[in-house]
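Please keep the sequence and the model in view while reading.

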Amino acid sequence: MTEVYTLKSGKEAPLGASVDPEGCNFALWAPDATQVWLCLFDAQERQEQRIALNERRGQIWYGYVAGIRPGQKYGWRVQGPKQPEAGQLFDVQKLLLDPWGQAISRPLIWNAPLYEGDSQRMISKSVVVDHHFDWQGVTKPAHKAGQTILYELHVKGFTMLHPEVPEALRGKYLGMCHPAIIRYLQGLWVTTLQLLPVASFMSEPRLVDLGLVNYWGYNPVCFMAPDPRYAIDDAVREFKTMVRELHRAGIEVVLDVVFNHTAEGGVGGPLLSFKGIDNRSYYAFESGGSGPDYQRYVNVTGCGNSLNVDHPMVLRLVMDSLRYWYDTMQVDGFRFDLAVTLAREGNEFDPCGGFFKAIMQDPLLRQAKLVAEPWDIGPFGYRLGQFPSQWHETNDRFRDTVRSFWRGDTGRMADFATRLLGSRDVFPKSWRSIHASVNFVCYHDGFTLEDLVSYNQRHNQPNAEDNRDGHGHNLSQNFGIEGPTAETRVSTMRLQQKRNLLTTLFLAQGIPHLLAGDEMGRTQMGNNNAYCQDNRITWVDWEWREEDERLQRFVRELIQLRRQSAVFSGLQLADDHYTMRPRQPHQVAWYHPDGHILSDSDWNSPMSQVFVMDIGDISGEGERWLAMFNASGYDIHFRLPSPAQGTTWVEKVDTAINETLPFLADDISRQMALGRAHSVKLLRQQKCEPTGVSKTAG
């Protein structure tokens, strides 16, 4: 380092590094520190200049360094008591990342020998960021909830094998906004990407020792810094470019954010940032005899520690991070991993607590799309349906019910119908929006759709845990053969089952969530916990079979049908006052296949697997649909309710249509329709063609 920097008088806000044309102000909250050093590094991270901060106001240390430019690499060393029994772990040998840092110099990779003693060579450096960027007038698409189609993907895995993306861009932020990728997303009609974590993270030491990695990224070290693994040169600029180009194409970006724990782990875990600055404030601890037991981190996340968002400064860090991503980086919303952890106060979930209040009153964040994973693994951690009214929640009851019903489990019909109408037993009418439920059949953690219909058991041997990891209750069905097969009967049923599950997903009230690749037969070879697999197990395969292309077309048509329907994208019933009721509210009626209205005994029959949903403008000529669900193993003739005068029923979807099976024609004139075993048939009420006028093809 040829230039020697000198310290000048600074200011305590904002926290982190704030650059201007003359230099940079640095501020660090470190309440129990006795001394704080700002450490500056050259481009190769070899030379270090330590500058002792000599200004402090309350618990914040700060100083201004003239001549600092964007791109400057830095870190912190913090001195204080080393009293583990009191929760204080200060160690000046450990270089620390800035909790408010907005970029890091390189991916943080665990290396035990380099961590020992002075950790400077192992630790990535925080980077001073200049946020000037040309957004070119592009603004956020702002899709309404009723039009939102969530599409969950991994930035690296989605583009690594794409033949049209240049090799240099594969697995990168810039690869995600390549024209070939944007064309595909637009052609699929998805509105909103939900990205697996992109904030900087580190693989757990255990995984590194096994030769594996934390591919998903749920092990954060810097909440504001986009991970440089997905960048070619400048992660901040390239991330903004990705967001801008996706927005230009009308596609929103929702980030999966992990504020519930960090990569520092529990007792004995490394000092990377938070532990070395103020361990006993950043983390929650179990109660001891006369106060916190600092040898027992609260672990409601299963990852060794739990962030203490109940603390005002930790809440400030979370809020500053969210505002930074939403405003400066221009993302559209957030999916909160293990969101119950963030809302624990005194280790108890509080639906009116500080975290929710802070977001509710924030003029920026209250406009964002907010999706909660409404549970953690702590006491009373399952809180589905208990988040504030403007939130959306991932609904695992939808997943389990839909899987169970289509697998052929009996006695699930009433629960299945409840999921179709927005899970109003969980999200009460007039209090929660019809879109509160985020409906999904598959998520990143679990089987892909292809594997859901191909495997009865998980096959997680590559994860090096003797196939003990991952969920054992998958509600899957392999149709007689475990894994891939050339058996026509089995492959035909698997394709039909995928169409059943997808049709249910897009006809149900709520926000549909589609896992990337499920529309093209992506497999993880039976691995239902592929968090540590950065290879072809998790990367999307763009070499399609003919059946994959057919499934893609089917999904595109389903999404289009939903987008163009006021019924499936925003049902309004007379007794639901969450939004102003239209003059002609929608109606729903439920029928037995023989045509009679379903009775309580029908709903509660342990063998019921077949029914008709009549939904929309039942009493008029407006939009009206019939959905005929047959989860049984028998073909069923359905007697149809009468359409309005001057209209008829027209078939729009039949999941049983398959080139290898013969079909009987429906006798719509006699109001009868055949529902094949294990299928959905969807009919729409349409005006009759005038007599003597033939319908033109196309």
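In this predicted model, the axes of helix H8 (residues 312–328) and helix H10 (residues 354–361) come within 11 Å and cross at roughly 35°, where axes are lines fitted to C-alpha atoms, for helices over the stretch in contact, and angles run from 0 to 180 degrees between N-to-C directions. Helices are DSSP runs (H or I, at least four residues) numbered from the N terminus. The crossing of H8 and H10 is right-handed, meaning that the near helix is turned clockwise from the far one by less than a right angle.

| Helix | Residues in the contact |
|---|---|
| H8 | Leu315, Val318, Met319, Leu322 |
| H10 | Gly354, Phe355, Ala358, Ile359 |

These residues divide into 7 nonpolar, 1 polar and no charged; in this scheme Ala, Val, Leu, Ile, Met, Phe, Trp, Tyr, Cys and Pro count as nonpolar, Asp, Glu, Lys and Arg as charged, and the others, Gly among them, as polar.

Just after H8, glutamine 330 takes a positive phi of about 65°.

The mean pLDDT of the chain, the predictor's confidence in each residue from 0 to 100, is 95.

Residues are numbered from 1 along each chain as its sequence is written, and side-chain values use heavy atoms, without hydrogens and water. Local features need pLDDT of at least 70, side-chain atom pairs count only at pLDDT 80 or more, and totals for chains, interfaces and linings use all residues.

Terms used: Helix = DSSP H or I, 4+ residues; strand = E, 2+ residues; numbered from the N terminus. Contact = heavy atoms within 4.5 Å.
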